[in-house]
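Subject: Structure handover

Hi,

Here is the structure you asked for. My notes follow below it.

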Amino acid sequence: MAPRVAVLASGRGSNLQALIDAARGGAPFEIALVVTDRADAFALERAKQSDLPARLVDRRRFAERRALEREIERVLDDADIAWVALAGFMRVLTAAFIATRPDRIVNIHPSLLPAFRGLHTHRRALETGVRITGCTVHVVRPALDDGPIIAQAAVPVLADDDETTLAARVLEREHQIYPLALGLMTSGAGVVDGEQVRLVKPVAEPPQGFIWPKLA
Ligand code: GRF
């Protein structure tokens, strides 16, 4: 049976959609649950359209971060969730939450980490004048946008880009890389070794422009 993944999303959920589509197309994981902390998240609508169970753990009901996390932990345990994929989940998770699924919580971030952690990555990439940016899928650690890198995809910054055009170019790559990177981990081909991810089984060559872990 494919490992059961919950996707945590606070917003439009386009990466959630990419993961749902990949799972249904034979990727080595099952999207078993969608969890959101916002009642107006379009991710909820996507779950409904895909006939997937979804749970709202409304951030407005919890004064304390740990209380909200505990409720999410309960929801995940009830659904027998092995892996968590963060997809635009706008909360920083505590070490206590992360410890519930060691090395089995992953995130996608719209920059080539460790550059541009945090918000407004594309604006900052344009301001800094980098010629290449991209996206990163990594294992989650308590520090913001930190943790062993699973895979990255590089995207050029073009002379006439603005935040919108650059974000769209990166997002297209996010939708490709997230299912591939999650699949590397859930299939057991990628393993966390200290602060790095290594491949312990040969896998298919990544698509052009994608950067993959080394074979151990
Ligand atoms: C993506 O750019 C993702 O990298 C970042 O938040 C955004 C979420 O977009 N963490 P979506 O909700 O998946 O469309």
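In helix 1, the buried residues are Ser14, Asn15, Leu16, Gln17, Ala18, Leu19, Ile20, Ala22 and Ala23. Buried means under 20% relative accessible area, exposed means over 50%, and partly exposed is in between (1.4 Å probe, protein chains only). Helices (H or I, at least four residues) and strands (E, at least two) are DSSP runs, numbered from the N terminus. Nine of the 11 residues of helix 1 are buried, so the helix is largely enclosed by the rest of the structure. Those buried residues pack against strand 1, strand 2, helix 2 (42-49), strand 4, strand 5 and helix 6. Just after helix 1, Gly26 has a positive phi of about 105°.

This is a predicted model: local features need pLDDT of at least 70, side-chain atom pairs count only at pLDDT 80 or more, and totals for chains, interfaces and linings use all residues. Residues are numbered from 1 along each chain as its sequence is written, and side-chain values use heavy atoms, with hydrogens and water left out.

Eight strands make an open sheet with mixed pairing, in the order 3-2-1-4-5-6-7-10. Two strands pair if DSSP finds at least two bridges between them. Strand 3 (54-56) and strand 10 (210-211) are the edge strands, and each pairs on one side only. Strand 5 (residues 105-109) and strand 6 (residues 132-139) pair antiparallel over four bridges. There, Asn107 stands opposite His138 of strand 6. Helix 1 (residues 14-24) packs on the sheet and touches strand 1 (4-8), strand 2 (30-36), strand 4 (83-86) and strand 5. The direction of helix 1 makes about 160° with that of strand 2. Axes are lines fitted to C-alpha atoms, for helices over the stretch in contact, and angles run from 0 to 180 degrees between N-to-C directions.

The hairpin

Strand 8 (residues 190-193) and strand 9 run antiparallel, joined by four bridges. They form a hairpin with two residues between them. Gly194, in the turn, has a positive phi of about 65°. Asp193 has Gln196 in strand 9 as its bridge partner. Strand 9 (residues 196-199) has a covered face, Val197 and Leu199, and an uncovered face, Gln196 and Arg198.

Single residues

His138 is in strand 6. His138 counts as buried, at 1% relative accessibility. A polar atom of the His138 side chain lies 3.2 Å from the backbone oxygen of Asp146. Leaving aside neighbours within four places in sequence, His138 contacts (heavy atoms within 4.5 Å) include Ile105, Val106, Asn107 and Leu113.

Gln152 sits in strand 7 (residues 149-156). Gln152 is also buried, at 13% relative accessibility. Gln152 and His138 are 14 residues apart in sequence and 8.8 Å apart in space, C-alpha to C-alpha.

Tyr178 lies in helix 6. Tyr178 counts as buried, at 0% relative accessibility. A polar atom of the Tyr178 side chain is 2.7 Å from the backbone oxygen of Leu86. Not counting residues up to four places away in sequence, Tyr178 touches Asn15 and Leu19, among others.

The largest pocket

The largest pocket has a volume of about 980 Å³. Of the 36 residues that line this pocket, Gly88, Met90, Ile108, Pro110 and Leu119 are the closest to its centre. The elements giving two or more residues to the lining are helix 1, strand 5, helix 5 (121-128) and helix 6 (163-186). Helix 6 gives the largest share, five residues. On a 1 Å grid over the protein atoms alone, a pocket is an open set of points where a 1.4 Å probe fits, with protein on both sides within 12 Å along at least five of seven lines; lining residues have an atom within 4 Å of a point. Grid points are joined across faces, edges and corners, and the volume is the space filled by probe spheres set on the points.

Best wishes

How values were computed. Polar contact = N/O pair within 3.5 Å; in protein donor to acceptor, adjacent residues only side chain to side chain.
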